[in-house]
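Hello,

I am passing a structure on to you, and my notes follow below it. Please have a look at it first.

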Amino acid sequence: MTIAAIGSIPLILVLGNSMLIPILPKMKAELNLTQFKVSLIITVFSVAAAISIPLLGYLSDRFTRKAIIIPSLILYGAGGLLAGSAAAWFSQAYMWILTGRIIQGIGAAGTAPIAMALTGDLFKGGQQSKVLGLVEASNGFGKVISPIIGSLLALIVWYAAFFFFPIFCLISILLTVFFIKEKRTKNDHLPVKNYVKGLFTVFKQEGRWLFTAYLAGATCLFTLFGILFYISDILEKTYKIDGVLKGAILAIPLLFMTTTSYITGSKIGKRMKLMKQLIIIGLLLMTVSFSTLVFFHRLIPFFSILVISSIGTGLVLPCINSFITGSVSTDRRGFVTSLYGSVRFLGAAFGPPIYGLLMEWSRIGMFLTTAGLTLFVAILCLFTIRVKKQESPEETSDSLFQKLQFN
């Protein structure tokens, strides 16, 4: 039940964007919005989260993870309630919806990234990687079911999804309160100055590979949400597919990603060399998939190639999660994982608007640009992520890396 409670937190998070993807074209028509304005519904949520995450990461290190997660979930639900009420009853609905999404984004900052840090606190050894794989799978599972849920709710009214956020948040809050028992006390004796100095030590010693890992995670989310935005648009405009069927089609690549994430997380243990290999293989699979999509227009062949990219993403993310979560000690883990969550959010934030611009420019250019990005990140990972050839029992029994000294 502890794992289920932790897994519910990122599950709630991904509903915030993925559940709205199928209803964006309807929202655009109902509110008379431009393509750019409707993409901001996704972007402001993710940018607000990215900006708020570092602060909430520090607070989770200073106090406790639950003390941040529970208020964040409350804020998340309240933002959804405001956005839904605006869509239903307010005259200037769009601006109020954006405000609600910003509030949701601030709440989202205290969910999945803090859940990763909490996993690092509660689980050690190979079990840590396995649970992190489950957390990423929960994240992916949310992406699989959320387009379907969003499409079903849209059958009631297009803005119904906003009113369901508080219900989902309440379930996660109850699971967190009753089933997550933290093993450590609050760390309020840690001065900000010493905390920041310790973080500089972390990035000075491990910064090169750490920033590359951040970039890899952000790239995966950028391409994922960008492609989903593109697919949602062509399904409605080109193929006249809407409603639940559209949600189910959007879920296909996400299902492959989720399955791969779960299997990868359960098998990698703490074998760092294997993790690096899987990260590079995953990014190369994404490169091959995106560069090949240029030649396919029909729906079934297109999705057959696209799932190769989804499998690649499913290989990359659990390995990156394990690297980052195990890279620092408990008292600074919240900030480092939160910063990782921040760049992931930025990737998700800029995916839809940038892909919207690329769609207007050139379909071929969009896919080749994406392939070039994933290839570049694969090369960076090859040369900047370095692991030891042999791992001693002492290293593998506690954390992925030797404990860093902060003095």
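Let me start with two helices, H3 and H5, which are roughly parallel to each other because their angle falls under 35 degrees. Helices here are DSSP runs of H or I with at least four residues, numbered from the N terminus. H3 covers residues 35-62 and H5 residues 93-108; they pack at an angle of about 30 degrees, with axes 7 Å apart. Axes are lines fitted to C-alpha atoms over the stretch in contact, and angles run from 0 to 180 degrees between N-to-C directions. Contact means heavy atoms within 4.5 Å. Among the residues making this contact are Leu40, Phe45 and Ala48 of H3 and Ile97, Arg101 and Gly105 of H5.

A word on the source: this is a predicted model, where local features need pLDDT of at least 70 and side-chain atom pairs count only at pLDDT 80 or more, while totals for chains, interfaces and linings use all residues. Residues are numbered from 1 along each chain as its sequence is written, and side-chain values use heavy atoms, leaving out hydrogens and water.

Next comes Thr119, which sits in helix H6 (residues 112-122). Thr119 counts as buried because its relative accessibility is 0%, and buried means under 20% relative accessible area with a 1.4 Å probe, protein chains only. Leaving aside neighbours within four places in sequence, Thr119 touches Ile6, Gln128, Val131, Leu132 and Val135.

Finally, with neighbours within four places in sequence set aside, Phe367 is in contact with residues including Ile227, Tyr230 and Phe302.

Best wishes

Terms used: Buried means under 20% relative accessible area, exposed over 50%, partly exposed in between (1.4 Å probe, protein chains only). Angles under 35 degrees count as roughly parallel, over 145 as roughly antiparallel, 65 to 115 as roughly perpendicular and the rest as oblique.
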